[in-house]
Amino acid sequence: MELRLLRLPLVNFFETSFGRIHDRAFVIVTIDGEGETGVGECVADDHPYYSAETTRTSWHILHDYIAPLVVGRTFAHPNTVFDALAVIRGHNMAKAAFEMAAWDLYARQQNMPLAKVLGGTRTRIESGVSIGIQDSFDQLLERVEIERAAGYRRIKIKVKPGWDVEAAALVRERFGDIPLMVDANAAYSLKDADHLTRLDAFNLMMVEQPLDYDDIRDHARLQARMATPICLDESIHSVRVAEEAIAARACRIINIKPGRVGGHHESIRLHDLAARHDIPVWHGGMLESGIGRAHNIHLSTLPNFSLPGDVAASRRYYAPDLIDPEITVDPDGTIGVPTGSGIGVHIVADRVAAATQERAEMRA
Ligand code: OSB
Ligand code: MG
């Protein structure tokens, strides 16, 4: 197993309710299995604001706890990896980075595209964009214009107190009845329920994670008062919590990010659970490089990913991306699923080397 800590500048700054970033650090995990390699990307950020995990904690857990459990070991199938790591409590992003590398390795050994091994059924996925908080509403409208022109099938805007109802109103006014949603990244509490119900006036597809990152109960109370469907992101850190959220009617839609739940296998279980309850899911994004992005595209081919996700073209994030060719979106707002074996993208070693800040190698 090889770990690399990379840092890449973002093409555009990205601002959510918890802050603005200009670059992205992340850990890339590469595993070697009898001549084939598999690669995964850890979605943990520099900071513990989206999730408790950070690039440093993921490095620590991968290096000191996951590697000793898995290096030199034989797994019959990647769907056994998450359970094999159960002794490690939490740290889903670190676990997912390894687990997803294991799926890539397995798919390459089978000489099949990852999508096929995961049980996917599509050859193209529907793409949407997540537009961060900007310096002005004019700038926001300009960004929406650019992404609409690029063909994206759904626009999501980040909101926070002071940048919410007015932002939604202005986008609706300018662009009419486009597929539109908002994401609060847990910026509100139930005390804001009256304010949040004002969003009902804009016929939004959903409001994502309005309340605290692990608060199911208050989301259920808010959903009972709001017409707009609530979509949970941060709160859904396991399949079990998703069961609780669905039973409590805390959400009508779920965003799936494999890093948040511990990898592809847990994502498939979450996807299947949601399907059984008629809860549509869509694939979230964590500003991944082309490596994590390719994984996300393959996972998005499962049938209940029935809404456009946050998996968009490379050029919105990194120029150049770590992969060549980069991920592109067609004018109809769809992305073609790579057809080679595994994640099916070519990783440019020079670019990875140039972005590497730390490297470690663990052998059996
Ligand atoms: O809440 O979905 C989120 C990015 C970083 C952390 C959390 C989130 C996001 C995004 C960006 O919304 C999605 C993307 O374009 O990758
Ligand atoms: Mg979100």
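Colleague: What classes of residue make up the shell around ligand 1?

Modeller: The shell has 5 nonpolar, 3 polar and 7 charged residues. Here Ala, Val, Leu, Ile, Met, Phe, Trp, Tyr, Cys and Pro count as nonpolar, Asp, Glu, Lys and Arg as charged, and the others, Gly among them, as polar. Keep in mind that this is a predicted model, where local features need pLDDT of at least 70 and side-chain atom pairs count only at pLDDT 80 or more, while totals for chains, interfaces and linings use all residues. Residues are numbered from 1 along each chain as its sequence is written, chains are lettered from A and ligands numbered from 1 in the order in which they are written, and side-chain values use heavy atoms, with hydrogens and water left out.

Colleague: Got it. Which residues are the closest to ligand 1?

Modeller: Of the 15 residues that surround ligand 1, the closest are Ser130, Lys158, Asn185, Leu287 and Tyr317. A residue is on that list if one of its heavy atoms lies within 4 Å of the ligand.

Colleague: And which side chains have an N or O atom by an oxygen atom of ligand 1?

Modeller: Among them are Asn185 at 2.7 Å, Ser130 at 2.9 Å and Asp183 at 3.0 Å. These are polar contacts, meaning pairs of N or O atoms within 3.5 Å; within protein, one must be able to donate a hydrogen and the other to accept it, and residues adjacent in sequence count only if both atoms are side-chain atoms.

Colleague: How much of ligand 1 does the protein bury?

Modeller: Ligand 1 exposes 390 Å² when taken alone, and the protein buries 98% of that. Such areas come from the Shrake-Rupley method with a 1.4 Å probe; for residues, only the protein chains shown count as cover.

Colleague: Let's move to the metal. What are the protein donors of the magnesium ion?

Modeller: Asp183 (OD), Glu208 (OE) and Asp233 (OD) are the protein donors, lying 2.1 to 2.3 Å from the ion, which is ligand 2. Their spacing in sequence is D-x24-E-x24-D. Asp183 lies in strand S7 (residues 180–183) and Glu208 in strand S8 (residues 207–208), so this pair ties together parts that are 25 residues apart in sequence. Donors are N, O and S atoms within 2.8 Å of the metal (3.2 Å for Na, K and Ca), and water is not among the atoms, so sites may look incomplete.

Colleague: Are Asp183 and Glu208 buried or exposed?

Modeller: Asp183 is buried, at a relative accessible area of 0%, and Glu208 is buried with a value of 0% too. Buried means under 20% relative accessible area, exposed over 50%, and partly exposed in between (1.4 Å probe, protein chains only).

Colleague: You mentioned S7. What order do the strands of its open sheet follow?

Modeller: The 7 strands run S5-S6-S7-S8-S9-S10-S11, with parallel pairing. At the edges are S5 (129–131) and S11 (281–283), each pairing on one side only. Strand S6 (residues 155–158) and S7 pair over 4 bridges, and Ile157 stands opposite Val182 in S7. Two strands pair if DSSP finds at least two bridges between them; helices (H or I, at least four residues) and strands (E, at least two) are DSSP runs, numbered from the N terminus.

Colleague: Where do antiparallel strands come in?

Modeller: Strand S1 (residues 2–16) and strand S2 (residues 19–33) pair that way over 11 bridges, and a hairpin joins S1 to S2 through 2 residues. S2 also runs antiparallel to strand S3 (residues 36–42), with 7 bridges. In the hairpin of S2 and S3, Glu34 takes a positive phi near 50°.

Colleague: Which other non-glycine residues have a positive phi?

Modeller: Ala186, near 65°, is one of them, and Leu287, at about 55°, is another. Ala186 is in the loop between S7 and helix H7 (193–197) and is partly exposed, with a relative accessible area of 23%. Leu287 is in the loop between S11 and H12 and counts as buried at 13%.

Colleague: Last one: where are the cis peptide bonds?

Modeller: One joins Ala319 and Pro320, with omega about 5°, and another joins Asp324 and Pro325, with omega about 0°. Pro320 lies in the loop between H12 and strand S12 (334–336), and Pro325 lies in the loop between H12 and S12.
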